[in-house]
Amino acid sequence: MPVATCHCGAVTLDLTAPPSEVTECNCSICRRYGVLWAYMPPAEVTIRTTGPTDRYVREGGDQAFQRCATCGCVTHWQKFDPAFDRMGVNARLLPPDILAAARLRHLDGAETDRYLD
Ligand SMILES: [Zn+2]
């Protein structure tokens with residue numbers, strides 16, 4: 001079972017399976033975070049914390065970007081709508097071999113919201 005972990009280890013996300021693809025998005029927040037997202041249903045992710053977390057919600061936003069309050073690593077995002085069956089896990093927190101095995105995709109979140117590849 002792949003485990004994504006922040007740098008200090010206070011936040012871990014257990015995935016039921018390694019992601020087949022990860023997404024680099026060029027939208028205003030993703031390009032700043034520099035993350036790679038693995039999109040998956042929340043039911044396939046178990047989040048464990050042993051320390052404080054913090055979050056960021058853009059003004060009027062419908063989702064929260066979560067991070068470890070100790071080391072600052074962005075860990076995931078989730079929509080406020082519980083019926084939305086997708087969340088984003090920061091694949092950069094996965095072991096490098098698992099990340100390397102995933103297909104890298106580029107999402108034009110800034111303009112068209114479509115994949116560029
Ligand atoms: Zn941490």
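In this predicted model, the side chains of Arg 105 and Glu 21 meet in a salt bridge, with 3.6 Å from N to O. The two partners come from distant parts of the chain: Arg 105 belongs to strand S10 and Glu 21 to strand S3 (residues 21-25), 84 residues apart. Arg 105 counts as buried, at 13% relative accessibility, whereas Glu 21 is partly exposed, with a relative accessible area of 29%.

**Salt bridges**

Arg 105 also forms a salt bridge with Asp 117, and the closest N and O atoms are 3.3 Å apart. Because Arg 105 lies in strand S10 and Asp 117 in the segment after S11, this pair ties together parts that are 12 residues apart in sequence. Asp 117 is partly exposed, at 39% relative accessibility.

A search of the whole structure finds five salt bridges. One of them joins Arg 48 to Asp 14. Arg 48 lies in strand S5 (residues 45-49) and Asp 14 in strand S2, so the pair connects parts that are 34 residues apart in sequence. Arg 48 counts as partly exposed, at 42% relative accessibility, while Asp 14 is buried, with a relative accessible area of 11%.

| Salt bridge | N to O distance |
|---|---|
| Arg 105 and Glu 21 | 3.6 Å |
| Arg 105 and Asp 117 | 3.3 Å |
| Arg 48 and Asp 14 | 2.8 Å |

**The zinc site**

The zinc ion has four donor atoms, and with angles of 105 to 119° among them its site is tetrahedral. The protein donors are the SG atoms of Cys 6, Cys 8, Cys 68 and Cys 71, which lie 2.3 to 2.4 Å from the ion. Along the chain, these donors follow the spacing C-x1-C-x59-C-x2-C. Cys 6 lies in the loop between strand S1 (3-5) and strand S2 (11-15), and Cys 71 in the loop between strand S7 (63-68) and strand S8 (74-79), so this pair ties together parts that are 65 residues apart in sequence. Cys 6 is buried, with a relative accessible area of 3%, but Cys 71 counts as partly exposed, at 29%.

**Strand S7**

Ala 64 is found in strand S7 and is buried, with a relative accessible area of 3%. Beyond its neighbours within four places in sequence, Ala 64 is in contact with residues including Arg 55, Tyr 56, His 76 and Trp 77. Gln 66 lies in strand S7 as well and counts as buried, at 18% relative accessibility. Leaving out residues up to four places away in sequence, Gln 66 touches several residues, among them Thr 53, Asp 54, Val 74 and His 76.

**Nonpolar cores**

The largest nonpolar core has 20 residues, and those with the most contacts inside it are Val 22, Val 45, Val 89 and Ala 91. S2, strand S4 (37-40), strand S9 (87-90) and helix H2 (96-101) each supply at least two residues of this core. S2 gives the most, with three residues. Apart from this core lies another, of 10 residues, among them Ile 29, Cys 30, Phe 65 and Leu 107.

**The annotated domain**

An unreviewed UniProt entry places the feature "domain: CENP-V/GFA" at residues 2-117. Over residues 2-117 the chain is 9% helix and 43% strand, and the end C-alpha atoms are 26 Å apart. Asp 113 lies in the loop between strand S10 (103-108) and strand S11 (114-115). Asp 113 is exposed, with a relative accessible area of 56%, and its phi is near 60°, a positive value in a residue other than glycine.

Terms used: Residues are numbered from 1 along each chain as its sequence is written. This is a predicted model: local features need pLDDT of at least 70, side-chain atom pairs count only at pLDDT 80 or more; totals for chains, interfaces and linings use all residues. Side-chain values use heavy atoms; hydrogens and water are left out. Donors are N, O and S atoms within 2.8 Å of the metal (3.2 Å for Na, K and Ca); water is not among the atoms, so sites may look incomplete. Four donors count as tetrahedral if all angles lie between 85 and 135 degrees; four count as square planar and six as octahedral if opposite donors are over 155 degrees apart and all others between 65 and 115; anything else is irregular. Helices (H or I, at least four residues) and strands (E, at least two) are DSSP runs, numbered from the N terminus. Buried means under 20% relative accessible area, exposed over 50%, partly exposed in between (1.4 Å probe, protein chains only). Contact means heavy atoms within 4.5 Å. UniProt positions are given in the numbering used here, feature names are shortened, and annotations may be inferred rather than shown by experiment. A nonpolar core is a set of buried Ala, Val, Leu, Ile, Met, Phe, Trp, Tyr and Cys residues joined through side-chain atoms within 4.5 Å. A salt bridge is a side-chain nitrogen of Lys or Arg within 4 Å of a carboxyl oxygen of Asp or Glu.
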